[in-house]
Amino acid sequence: MGVTGGIAAYKAAALLRLLQKVGANVRVILTEGAEAFISPLTFEALSQEKVFTQADFLKPQGGFIPHTELARFAEAVVVAPATASFLASLTSGDAQSILVATIMATKAPVLLCPAMNVNMWEHPAVKENIAKLRSWSYEVLAPCGGELACGDVGPGRLPEPELIADFLARLLAPADYQGKKVLITAGPTREPIDAVRFISNRSSGKMGLALAKAFWLRGAEVMLVHGPLSVKIPSYLSQRPVETAQEMYQVVNELFPGVDILVMAAAVADYTPVKTFSGKLKKKEKELVFTLKKTPDILAEVSAKKRPGQVVVGFAAEEGEKLPEEARRKLKAKHLDLIVANDITRCETGFETETNEVFLFFANGKELKLPLAPKEKIAWQILDALKEQLGEILSAKA
Ligand code: PMT
């Protein structure tokens, strides 16, 4: 991890913590400019490792040549924040600083996270350098908009550590879904009773979001169609928010012809009120009876229109022993390539949980259990299994 001399240098400490939390072994390089903002001791205390500075570059100790050793050590490099002058040095190949020299000496993928004043970011010199660096296959994560430390408003802020960590993870992930367009549904739908009340369910959207993220990490172009969620959607995912089953039906139907894979992880309401009352329903009657009507079965309808080369995956929320029988029935009835079944009666699987245990039933007869694990890991394993079992369909030309 390289840190250069900008006001956002303090955020690099949080990034270091986050990378360590997910199991990365991090070595930090501070440029002279960064040292003016934050002390090497901060990173040394956090990483429990030596932090490298310009002094180490100029006076290597005991035969350890920092830029070449660090260049070999790294499986990935991130520079956060990356200043305009650092970007200029890298573009011109001026290897006088330890960080530029290390990056020039490494074969590892590099993620650059520029942060600077908005006018500097929009300056033609910076634009040209960024374009050149991108053309050399450096990954550049553009800064976020908002109020900057200098008081100006516009793009220039260093993105949050979580976002940087996701882009870094993508550099290390297999790009085995590159070129694939994936449509994922997540979360509940809301069926309105009156202006303030609705029928819904406990889906948080975590499972669908974990799948969307896994596909994105592995190179796919992802569109997330979601009901009201209790989790934050990262800015790199394209999204279409919806409320009702009918709205989800319309959006999925509109987008389905253009995608390679559809995964319906959303908990779509099966019934919706026949009538929506205007305003707030008054408390008058002792009993209140609603008539509900069936919503369209989105999955069954789009699956029937599937063209060669398209893969359709459904989810099944089932209870206990009936799970395999019900999942196999839905797999057939809805003409799916795969159904992912989870038991919603257990406290650590299904709705709202951080973890899941799922059973995969493929149309080709293959059945697989993915034992209890965080939803992110389950999503990753679903992608592995999908590639293994349905790789042929996915690589077939439509
Ligand atoms: O969001 P989380 O809190 O992380 O919870 C995850 C989850 C439990 C919601 C998820 O893992 C899950 O099981 N999603 C599917 C829930 C569901 O609606 O299951 P179902 O068995 O009722 O429906 C079967 C399939 O048909 C599903 O893919 C569903 O999206 C689809 N369906 C259902 C009804 C309908 N009108 N149209 C549909 O397309």
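Q: Where is H335 found?
A: H335 sits in the loop between α14 and β15. Keep in mind that this is a predicted model.

Q: What do most residues do?
A: Most residues other than glycine have a negative phi.

Q: Is H335 buried or exposed?
A: H335 is exposed, with a relative accessible area of 51%. The cut-off for exposed is over 50%.

Q: What is phi for Q48?
A: Phi of Q48 is near 60°. That is a positive value, and Q48 is not a glycine.

Q: Where is Q48, then?
A: Q48 lies in the loop between α3 (40–47) and α4 (54–58). Q48 is exposed, at 66% relative accessible area.

Q: Is K334 buried or exposed?
A: K334 counts as buried because its relative accessibility is 19%, and the cut-off is under 20%.

Q: What about inside α14 itself? Which side chains meet in a salt bridge there?
A: E326 and R329 do, at 2.8 Å from N to O. Both lie in helix α14, three residues apart. That spacing is about one turn of the helix.

Q: How accessible is E326, and how accessible is R329?
A: E326 is buried, with a relative accessible area of 19%. R329 is partly exposed, at 44%.

Q: Which residue does R346 form a salt bridge with?
A: R346 pairs with E357, and the closest N and O atoms are 2.9 Å apart. This pair also links distant parts of the chain, eleven residues apart. R346 is in the loop between β15 and β16 (355–362), while E357 is in strand β16.

Q: Which parts of that pair are buried or exposed?
A: R346 is partly exposed, at 29% relative accessible area. E357 is buried, at 11%.

Q: How many salt bridges are there in the whole structure?
A: A search finds 20.

Q: Which residues are linked in a network?
A: D176, R218, D384 and K387 are linked in a network of salt bridges.

Q: New topic: helix packing. At what angle do α11 and α15 pack?
A: About 55°. Helix α11 covers residues 206–217 and helix α15 covers residues 375–395. Their axes are 8 Å apart. That angle makes α11 oblique to α15. The crossing is right-handed.

Q: Which residues make the contact?
A: On α11, they include M207, A210, L211 and F215. On α15, they include I378, W380, L383 and L386. By class, the contact has twelve nonpolar, no polar and three charged residues.

Q: And α6 with α9, at what angle do they cross?
A: Roughly 50°, with the axes coming within 10 Å. Helix α6 is residues 84–92, and helix α9 is residues 124–135. So α6 is oblique to α9. This crossing is left-handed.

Q: Who makes that contact?
A: A84, L87, A88, L90 and T91 of α6 meet V126, N129, I130, K132 and L133 of α9. By class, that is seven nonpolar, two polar and one charged residues.

Q: Is the peptide bond from A80 to P81 cis or trans?
A: Cis, with omega near -5°. P81 is in strand β3, residues 77–82.

Q: What about peptide bonds in general?
A: Most peptide bonds are trans.

Q: Last one, the whole chain. How many helices and strands?
A: There are 15 helices and 17 strands. Of the 398 residues, 48% count as buried. The C-alpha atoms fill a box of roughly 80 × 50 × 40 Å along the principal axes.

Q: And the contacts in the chain? What share join residues at least 24 apart?
A: The share is 66%, among contacts between residues at least 6 apart in sequence.

Note on methods:
Residues numbered from 1 in each chain as written. Predicted model: local features only at pLDDT ≥ 70, side-chain atom pairs only at ≥ 80, totals over all residues. Heavy atoms only, no water. Salt bridge = Lys/Arg side-chain N within 4 Å of Asp/Glu carboxyl O. Buried < 20%, exposed > 50% of the residue type's maximum accessible area, 1.4 Å probe, protein only. Helix = DSSP H or I, 4+ residues; strand = E, 2+ residues; numbered from the N terminus. Axes fitted to C-alpha atoms, helices over the stretch in contact; angles between N-to-C directions. Parallel < 35°, antiparallel > 145°, perpendicular 65-115°, else oblique. Left-handed = near helix turned anticlockwise from the far one by under 90°. Contact = heavy atoms within 4.5 Å. Nonpolar A, V, L, I, M, F, W, Y, C, P; charged D, E, K, R; others polar.
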